[in-house]
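Let's take a look inside a protein model and see what we can find. Keep the 3D view open while you read.

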Amino acid sequence: MSSPSMGTIVPFPSLQSLGLLDSRALANEAATRHDFLVEDLIFDRSVNLAVGDSGLGKSAVVCQLGGCVAAALPFFAHSVQRGPVIYLDGESPLREFEEVLETISRFLGLSRAPENFYAFNPDWVSIDPSISEDDRLRRQIDHVKPKLVIVDPLRVFWPQAEGKSEEATKVIKRLRGLSRGSGASWLIVHHCRKTDQSAAPTSLEESPHQWLQSAAGARALINQSDTRIGIDTSSKPTSDLVMSGFVRLLGTIPPVFIVRELNDDGDPFGYRALEGVQHLNEKYQAIYETLPQQFRFKTLKGHLSASSSRHFLDQCLALQLVRKLGKGEGYTKVGQVPGPTGPSR
């Protein structure tokens, strides 16, 4: 093919075909997309980490999140996009997993587990050994087109990612590629590393950034994930667990204090977030009662310092006492909404 003659104008490709968006295109694209799979917690098409010690119940909490996405039910007052869910389980016996899923589904008020909730464990069924693990995962995603894929735990499916940072980066990069093609978000369940028992413990409630550094393995797992969720035992006598962490671009997740509900036999039934003004300290209760229905951050200046105002708002958000309005519009007080209870226990 001959080269263009002197003076011939060779057209450049459009900026958008090169992946560049000007301010107008940026606004148009943003207006047509959902930012979150789980409001203010998990971005659409993102890679995320849930960290906690073994035996706490984090897998059941994550399973409840999956059930909420599959059934379009709020997760601890966070609204969700509805869509299929794939749960990649690496540790549970089949019967135990099925019982947990059905129990949590009843807790959420469903008659049975959502039909668009899919589970996989290589030990549950016979699988074609000629298909590689990577190819099988791609085929599962192509067929189901999930909104959320839960990997529980990381060390079973990609143990190499717990070692060197380069390996963790490869895994996360591959998941991001699958997200672009499928629209799925990923939640990877991970463990804490064993720590020196003589050292002073770090509090997830007070220092989520520092606490999350206790995640086992490569630091890249934390640094390159979009949302890092920590689940730990709670310091409040009225709750069992606390959930906090960090969302890229948004900052710290206000601590959510979680109550483990039990059925009549004393077995775990589901999880609800602690709610109510009575869980604020007396000073914060008095301030809350004086606030107008809608208010701005600056409204608190007469009552608290800037840092204390932020702490007060985080507490109110966690206890579902206030809700953030649109950008620049401040906050509104909300009525108490009872958590799901399911059928009579």
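Here is a short tour of a cavity and of a pair of helices, all in a predicted model.

How do you find a gap inside a protein? Rolling a probe the size of a water molecule over the atoms shows where empty space is left. Searching the whole structure here turns up one cavity of 30 Å³ or more. The space in the largest cavity comes to about 50 Å³.

## What lines the cavity

Go ahead and pick out these residues: Ala50, Val61, Val62, Leu65, Phe75, Leu187, Ile229, Ile231 and Met243 line the largest cavity. Two elements, α2 (58–71) and β8 (227–233), each give two or more residues to this lining. Which of the elements gives the most? That's α2, with three residues.

## Two crossing helices

Now jump to a different spot. Two packed helices are described by the angle between their axes and the distance between the axes. For helix α9 (residues 282–290) and helix α10 (residues 306–318), the axes come within 11 Å and cross at roughly 80°. An angle from 65 to 115 degrees counts as roughly perpendicular, so that's the word for how α9 and α10 sit to each other.

Which residues meet here? From α9 come Tyr284, Ile287 and Tyr288, and they meet Ser308, His311, Phe312, Gln315 and Cys316 in α10. Sorted by class, this contact of α9 with α10 has five nonpolar, three polar and no charged residues.

Terms used
Residues are numbered from 1 along each chain as its sequence is written. This is a predicted model: local features need pLDDT of at least 70, side-chain atom pairs count only at pLDDT 80 or more; totals for chains, interfaces and linings use all residues. Side-chain values use heavy atoms; hydrogens and water are left out. On a 1 Å grid over the protein atoms alone, a cavity is a set of points where a 1.4 Å probe fits but cannot get out, and a pocket is an open set with protein on both sides within 12 Å along at least five of seven lines; lining residues have an atom within 4 Å of a point. Grid points are joined across faces, edges and corners, and a volume is the space filled by probe spheres set on the points. Helices (H or I, at least four residues) and strands (E, at least two) are DSSP runs, numbered from the N terminus. Axes are lines fitted to C-alpha atoms, for helices over the stretch in contact, and angles run from 0 to 180 degrees between N-to-C directions. Angles under 35 degrees count as roughly parallel, over 145 as roughly antiparallel, 65 to 115 as roughly perpendicular and the rest as oblique. Contact means heavy atoms within 4.5 Å. Ala, Val, Leu, Ile, Met, Phe, Trp, Tyr, Cys and Pro count as nonpolar, Asp, Glu, Lys and Arg as charged, and the others, Gly among them, as polar.
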